[in-house]
Structure formats: C-alpha cells, structure tokens
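Subject: Structure handover

Hello,

Here is the structure I promised to pass on. Please open it alongside this note.

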Amino acid sequence: MTYRLYYWTGIQGRGEFVRLALEDAGAAYVDVARVEGDAALQPFLDGERDGPRPFAPPFLVTGTRVIAQVANILHALGPELDLVPADEAARLQALQLQLTIADLVTEIHDSHHPIASAEYYEAQQDAAARRAADLRAQRLPKFLGYFEDVLATGAGHALGRHSYVDLSLFQLIRGLDYAYPRAMAALAPRLARLRALERRVADRPGIAAYLDSDRRLAFNTQGIFRHYPELDGPAGD
C-alpha cells in the first residue's frame, strides 16, 4: 500500500508530524503536492472527491479513505505502522498525548499570529510580543514539564516503547529550538528526558536518513515554528 500525503509545498508545518511517522516506519508514500503541485489539494478541499471533505491539510489518502487532522491521521496510522501498542487503552493514551501536542502547536502558532492568521506578522507585532512573552514564561514550562513527567513514567518513552508520540515530541523540540532558541536554552536544565528522547529519535535509521535527505525541509518563516528574534528571550523573563 502506498500512502498519499497532501500538504502545502515549501511549508515546514503540521504535515511534518505525519511525514516523520511514515519515514520512521519505512512506509511507501507520495508527498503529492511536491510531485503534482499545490493545486492537487484543491479538489479534496472543495469536496469534489469521494470520502470525507477535509477542512485543511494535512490529510492522508489511501484507497477510498481520506483522513484529516494530524492526531486523527496518526491514530489511524499507528497500528498500521506499528507505531503504537496494540491495546485500545494505549491507543487512546497516544491520541490524548498527540492532542495535547496539538494544543501546544496552536499556542506556538498564535505567539506570532495572535490576532489574525490571514494578516502579516508585522501587522500584529506588538500583540505577538505580549503573547510570546506569556508563551515563554508560562506555557512552555507548563507543557514541556508535563511531557517530562510523561517520559518519566514511560521509561523515557511517551508510551513505554517507541511510538508516533515520541516522533511528534522530537518534532516539537526541534521546532522550538528553531523558533525560541534562547527560551529553550534557559529551559534546558528542566528538559533532560525530552533531550534524551530527541537524540534517540534522531539516531533511528529511518529518521537519520530522512534528516540527511532533501525530503526534510528546513524550518522557515512560512510554517508554524517561526523565528523572530524580537519574540525570543529566556523562559520566565
């Protein structure tokens, strides 16, 4: 089976959480927009294709299945790619953790676009400075501290063994390192388990090969994780 992943070209965003799972598992997939262009997404977004109509990318198509929303995609992919334990309780725990990651990803996005997603950052820069200060001082320590505790109970893994949640935590930490390097440096003494997880994921054969390939996009100011130096500072300042 070949999976078809639909996400905008050139953007290092939510689609990367799905891409990491496919790459780690060595799954056959086509990154459709990179082959056919962004216009390939529109018939699905306009409801012109069979299957559930996605609100926005990323979405995954296999046969007649159309699955949207990162957490939902990974919930479906997890058993197929052996990236989640088989029992239902563990699958639900993985989904819960992935949804919590999604909550933080939204807060990270809103730190540079706190008023309107459709407006340029420069049009809301003052509000972004206030939102980013709260993210650094309050939200990052709270969320990342929670994930540290989760890893403590899971022997260094989110679920006690390697899973798609580990891959998503890796992406989260790499993205924050790009967007908020000073804040993450200040938080480093409190993130020992997340850092160990990041290193372990980066060393996995499929991920190491992916990170070294041209399939892995560099972080940039078109995605969720955006580096604006004026928004960065030590956590808690």
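Below is what I found, from the whole chain down to two residues.

One caution before the details: this is a predicted model.

**Overall fold**

The protein chain holds 10 helices and four strands. Along the sequence, their order is β-α-β-α-α-β-β-α-α-α-α-α-α-α. The radius of gyration is 18 Å, close to the 18 Å that the globule rule gives for 237 residues, so the chain is as compact as a globular protein of that length. Along the principal axes, the C-alpha atoms fill a box of roughly 50 × 45 × 30 Å.

**Burial, contacts and surface**

Of the 237 residues, 50% count as buried. Take the contacts between residues at least 6 apart in sequence: 72% of these join residues at least 24 apart. The accessible surface of the chain is about 10800 Å². Carbon and sulfur atoms account for 50% of that surface.

Charges next. The chain carries 25 positive and 31 negative charges. Their mean positions lie 3 Å apart.

**Tyrosine 6**

Tyrosine 6 sits in strand 1, which spans residues 3-6. Is tyrosine 6 buried or exposed? Its relative accessibility is 3%, under the 20% cut-off, so tyrosine 6 counts as buried.

What does tyrosine 6 touch, leaving aside residues up to four places away in sequence? The list is Val32, Ala40, Leu41, Phe44, Pro57, Pro58, Phe59 and Val61.

For a sense of distance, compare histidine 112. Tyrosine 6 and histidine 112 are 106 residues apart along the chain. Their C-alpha atoms are separated by 25 Å.

**Arginine 136**

Arginine 136 belongs to helix 6, residues 125-153. Arginine 136 has 8% relative accessibility; this is under 20%, so the residue counts as buried. Which backbone oxygen does the arginine 136 side chain reach? That of glycine 233, at 3.4 Å.

**To look at on screen**

Then move to helix 6 and arginine 136, and follow the side chain of arginine 136 to glycine 233.

Best wishes

Definitions and conventions:
Residues are numbered from 1 along each chain as its sequence is written. This is a predicted model: local features need pLDDT of at least 70, side-chain atom pairs count only at pLDDT 80 or more; totals for chains, interfaces and linings use all residues. Side-chain values use heavy atoms; hydrogens and water are left out. Helices (H or I, at least four residues) and strands (E, at least two) are DSSP runs, numbered from the N terminus. The radius of gyration is taken over C-alpha atoms; the globule rule is 2.2 Å times the number of residues to the power 0.38. Buried means under 20% relative accessible area, exposed over 50%, partly exposed in between (1.4 Å probe, protein chains only). Contact means heavy atoms within 4.5 Å. Accessible areas come from the Shrake-Rupley method with a 1.4 Å probe; for residues, only the protein chains shown count as cover. Lys and Arg count as positive and Asp and Glu as negative; His and the chain ends are not counted. The place of a charge is taken as NZ of Lys, CZ of Arg, CG of Asp or CD of Glu. A polar contact is a pair of N or O atoms within 3.5 Å; within protein, one must be able to donate a hydrogen and the other to accept it, and residues adjacent in sequence count only if both atoms are side-chain atoms.
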